[in-house]
Amino acid sequence: MEKGILIVLSGPSGAGKGTVVKELRKVYSNLAFSVSVTTRQPRDGEINGVNYHFKTLDEYKEILKEDGFLETEEVFGNYYGTLKSEVFSKLDKGFDVMLEIDVKGAMKVKEQYKDVCTIFICPNSIEVLKSRLAGRGSESEETFKVRCQGALGEIKQAEKYDYIVINEDIVDCKNDILAVLKKQKGLDISQEDEERVERCLSKNNKDFIERLTNGGI
C-alpha cells in the first residue's frame with residue numbers, strides 16, 4: 001500500500017479555511033484529518049474523540065514526556081497537540097492527512113516531518129479580511145483590532161510555506177489546492193493544473209504578500 005502524504009493547512013482567521021475544508025471533503029475521499037488533543041473542557045455539543053481528544057493536564061504531560069506529539073502549544077492556559085500515533089497510522093494506511101493548524105504548529109511539524117506539504121490560505125485583500133472578521137459577531141473595537149493585527153502577523157509569515165493559495169473564489173481556491181495535492185502525490189495532471197501549481201508556489205507570491213501587508217491594518 002502506498003503511503004499517504006501529510007498536508008498542513010494554515011491561514012489567518014477570516015481566510016475561509018473552514019469553508020475550503022468542507023469543499024475538499026466533498027470531493028477528496030482519501031483525505032483524513034487528525035483529531036487534536038486538548039486540556040480544555042469540552043464545549044456544549046463537542047464529542048470526545050470527534051472534535052478533540054479531551055485529556056487532563058497530567059495525561060497531556062505524560063504524552064509529552066513520551067514524545068507523542070508532532071506539535072504542541074499552549075493557548076490561553078490550555079494545551080493543544082497533534083498526536084504522532086494518529087497521524088502516522090493514517091498515513092501508513094494510505095490516507096492523505098491534513099492538519100489545520102496555525103503558523104507556529106506548522107513550523108514545528110516541518111522540523112519533525114521533512115516531507116510535509118505546507119499550504120497557506122490567504123484572503124485576496126486586507127479589506128476582505130476585515131469584512132469577514134467584522135461579520136463574526138459583536139465585539140469591542142479593541143478586540144477586533146487585536147484580531148486583525150494577529151491575522152496580519154500570520155500573513156507576513158506565509159512565505160515560510162510551500163504554497164500560498166489566494167481565496168478570492170471558493171471553487172477556484174479548492175481547485176488550486178487539489179492541483180497542488182495531485183502534484184505532491186506524483187499524479188499526472190493537466191496543463192491547467194500545472195499552471196495552478198506554478199501560480200501557487202510561495203516564491204511566486206512574494207510581491208502579493210508584500211503588497212497585502214505593507215499598509216498594515
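Let me start with Asp-67, which lies in the loop between α2 (57-65) and β5, where helices (H or I, at least four residues) and strands (E, at least two) are DSSP runs numbered from the N terminus. This is a predicted model, in which local features need pLDDT of at least 70 and side-chain atom pairs count only at pLDDT 80 or more, while totals for chains, interfaces and linings use all residues. Residues are numbered from 1 along each chain as its sequence is written, and side-chain values use heavy atoms, with hydrogens and water left out.

Back to the loop, then. The phi of Asp-67 is near 55 degrees, a positive value in a residue other than glycine. Most residues other than glycine have a negative phi. Asp-67 is partly exposed, with a relative accessible area of 48%; here buried means under 20% relative accessible area, exposed means over 50%, and partly exposed is in between, with a 1.4 Å probe and protein chains only.

A second residue with such a backbone is Phe-76, which has a positive phi of about 50 degrees although it is not a glycine. Phe-76 lies in the loop between β5 and β6, and at 84% relative accessibility Phe-76 counts as exposed.

Leaving aside residues up to four places away in sequence, Lys-84 touches Asp-67, Gly-68, Phe-69, Leu-70 and Gln-112, contact being taken as heavy atoms within 4.5 Å. Is Lys-84 buried or exposed? Lys-84 counts as buried because its relative accessibility is 15%.

Now to the sheet in this region. An open sheet of 4 strands has the order β4-β3-β6-β5, and its pairing is mixed, where two strands pair if DSSP finds at least two bridges between them. The edge strands are β4 (53-54) and β5 (69-75), each of which pairs on one side only. Strand β3 (residues 37-38) is joined to β4 by 2 bridges, and the two run parallel, with Val-37 standing opposite His-53 in β4. Helix α3 packs on this sheet, touching β4, β5 and β6 (78-83), and its direction makes about 25 degrees with that of β6; for such angles, axes are lines fitted to C-alpha atoms, for helices over the stretch in contact, and angles run from 0 to 180 degrees between N-to-C directions.

One more residue of β5 deserves a remark, namely Glu-74. Glu-74 is partly exposed, with a relative accessible area of 47%, and Glu-74 and Asn-205 are 131 residues apart in sequence and 31 Å apart in space, C-alpha to C-alpha.

Let me turn to the other sheet. Here 5 strands form an open sheet in the order β2-β7-β1-β8-β9, and the pairing is parallel. Its edge strands are β2 and β9, each pairing on one side only, and the twist averages 30 degrees from one strand to the next. Strands β2 and β7 pair over 3 bridges in the parallel sense, and Leu-31 stands opposite Asp-96 in β7. Helix α9 (residues 206-214) packs on the sheet, touching β8 and β9, with a direction that makes about 45 degrees with that of β8.

How many residues of β8 are buried? Strand β8 is mostly covered, with 7 of its 7 residues buried. In a regular strand the side chains alternate between the two faces of the sheet. In β8 both faces are covered, with Cys-117, Ile-119, Ile-121 and Pro-123 buried on one side and Thr-118, Phe-120 and Cys-122 buried on the other. As for its neighbours, β1 and β8 pair in the parallel sense over 4 bridges, and 5 bridges join β8 to β9, which run parallel.

Finally, the helices. The buried residues of helix α1 (residues 17-27) are Lys-17, Val-20, Val-21 and Leu-24. They cover an arc of only 100 degrees around the axis, so they are on the same side of α1, the arc being that of the directions from the helix axis to the C-beta atoms. On the other side of α1, Lys-22 and Lys-26 are exposed. What covers the buried residues of α1 includes β1 (6-10), β8 (117-123) and α7.

The axes of helix α7 (residues 170-184) and helix α8 (residues 191-200) come within 8 Å and cross at roughly 95 degrees. That makes α7 roughly perpendicular to α8, a label for angles of 65 to 115 degrees, whereas angles under 35 count as roughly parallel, over 145 as roughly antiparallel, and the rest as oblique.
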